Amino acid sequence: MTILEIDGSRGEGGGQMVRTSVAMATVTGITTHLTRIRENRPTNGLSKQHCAAVDAVAQMAGSTVEGNTIGSRELLFTPGNEQKYDIEMNIGTAGSLSLVLQAMMLAARNHKKRLTVDISGGTNVMWAPPIDSYQTLLFPLMRRMGIEANVKIIDRGFYPQGGGRVIMTLDPIGTIKPLDIEELGELKSIKGICFSQRLPEWINKDMIASCKKTLEPYADVEFDIQKTDGDSRGAGIVLTAEFENGLLGSNALTSRGHTADKAGEDAANDLIREMTTGATMDVHTADQVLPYMAMSQGKSGFSVSRISKHLLSQMDTLESFLDVKFGVERKDNIYRFTVTPGENNAAVHPR
């Protein structure tokens with residue numbers, strides 16, 4: 001049996017390499033051995049959130065896993081041949097459910113029927129995509145590639161309690177169309193979601209006021225204001241700028257050291273930075289779209305304002321599983337990426 005060896009300390013060396021590796025092992029049918037997992041991080045090995053993602057992906061295909069325990073620095077993932085379409089899971093903490101869903105959606109590349117995932121955990125937590133950005137940014141871009149996914153937020157979950165719950169559906173993925181965004185074109189609108197849970201009303205008002213003031217030279221932002229009750233307490237803002245040819249996004253959360261008006265201002269300034277660089281995709285969304293580009297039937301491309309370690313790590317991992325070539329060229333202050341899948345790309349002809 002051929003076993004693909006992945007050094008989990010390479011590149012960004014975080015949880016993304018683990019999630020992408022087990023997902024791509026499922027897609028390609030390649031047994032994968034990860035070592036030195038998160039070796040360069042303050043806390044080595046798998047966290048509860050990483051274990052949840054590995055377990056979820058394993059459930060989807062009846063795969064077998066050795067070493068999927070908290071703190072483990074080594075993992076052997078042997079992909080199965082089953083296809084499960086209804087999965088319920090609870091991360092059990094405020095661990096990001098959006099990151100777990102990221103791995104599950106990628107692993108479902110060969111599924112023949114609609115996948116439905118009912119998952120509980122953190123919907124809006126630091127260092128992870130807010131679930132709202134899937135609705136407003138990631139899924140619209142995936143739709144352009146012929147991939148239909150939807151998510152419904154049942155409850156919001158914030159750090160440290162969690163308690164969020166969403167239901168995600170993903171239709172069977174057939175031929176994946178390439179996505180090449182050379183220029184964004186004219187700005188059409190900026191829309192925002194401002195949410196708070198178990199907090200006073202002025203929190204939303206302060207976030208919106210500071211955000212609108214900062215973005216005033218560019219557009220009048222339309223806001224969807226959401227106030228909810230749940231187990232945890234928190235607030236934040238998610239922005240999406242829609243252009244003729246693409247989308248850019250930003251987000252921020254409040255905390256004791258990050259006031260509501262500062263969160264609104266920071267989200268606005270982050271979006272302005274992306275809008276004024278000439279980038280055609282924000283760097284966090286690029287991480288998430290890249291695997292689908294690598295499995296598409298044609299050449300894709302996008303520009304980012306900076307090259308993150310996450311993006312480099314994602315490229316490195318995908319090259320281990322697929323016949324794909326990545327190119328990057330610096331032009332002024334942006335980096336133009338090209339993604340060229342090869343004819344022998346295993347995921348183009350699902351097993």
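These legends go with a set of close-up views of a predicted model.

**View 1**
Zoom in on Leu101 and you'll find it touching Val117, Ile119, Ile131, Tyr134, Val166 and Met168, leaving out residues up to four places away in sequence.

**View 2. Gln16 and the residues around it.**
Here we look at helix H1, which runs over residues 15–28 and contains Gln16. Is Gln16 buried or exposed? Gln16 is buried, because its relative accessible area is 3%. Setting aside its neighbours within four places in sequence, Gln16 is in contact with Gln102, Asp287, His310, Ser313 and Gln314.

**View 3. A salt bridge between Asp132 and Arg156.**
The model holds 14 salt bridges, and this is one of them: Asp132 pairs with Arg156, with their closest N and O atoms 2.7 Å apart. Asp132 sits in helix H4 (residues 131–144), while Arg156 is in the loop between strand E7 (149–155) and strand E8 (164–170), so this pair ties together parts that are 24 residues apart in sequence. And where do the two partners end up, buried or exposed? Both Asp132 and Arg156 are buried.

**View 4. Arg336 meets Asp180.**
Here's another salt bridge, this time joining the side chains of Arg336 and Asp180 at 2.7 Å, N to O. The pair links distant parts of the chain, 156 residues apart: Arg336 belongs to strand E15 (residues 334–341), and Asp180 to the loop between E8 and strand E9 (187–197). Asp180 counts as partly exposed, because its relative accessibility is 38%.

Glu39 counts as partly exposed, because its relative accessibility is 29%. Arg36 is partly exposed too, with a value of 39%.

**View 5. Cysteines without a disulfide.**
How many disulfides does the model have? The count comes to zero. Take Cys194: the nearest cysteine sulfur belongs to Cys211 and is 8.4 Å away, and Cys194 is in no disulfide. A disulfide needs two cysteine sulfur atoms within 2.5 Å, so that cut-off is the one to keep in mind here. Cys194 is also buried, with a relative accessible area of 0%. Cys51 counts as buried as well, at 10% relative accessibility.

**View 6. A nonpolar patch on the surface.**
Ile307, Leu312 and Val328 form a nonpolar patch on the surface, and together they have about 240 Å² of accessible area. Leu312 is part of helix H8, which covers residues 309–321. Is Leu312 buried or partly exposed? Leu312 is partly exposed, because its relative accessible area is 46%.

Technical notes. Residues numbered from 1 in each chain as written. Predicted model: local features only at pLDDT ≥ 70, side-chain atom pairs only at ≥ 80, totals over all residues. Heavy atoms only, no water. Patch = residues over 30% accessible without salt bridge, like charges linked within 9 Å, V, L, I, M, F, W, Y side chains within 5 Å. Areas by Shrake-Rupley, 256 points an atom, 1.4 Å probe, with all protein chains shown as cover. Salt bridge = Lys/Arg side-chain N within 4 Å of Asp/Glu carboxyl O. Helix = DSSP H or I, 4+ residues; strand = E, 2+ residues; numbered from the N terminus. Buried < 20%, exposed > 50% of the residue type's maximum accessible area, 1.4 Å probe, protein only. Contact = heavy atoms within 4.5 Å.
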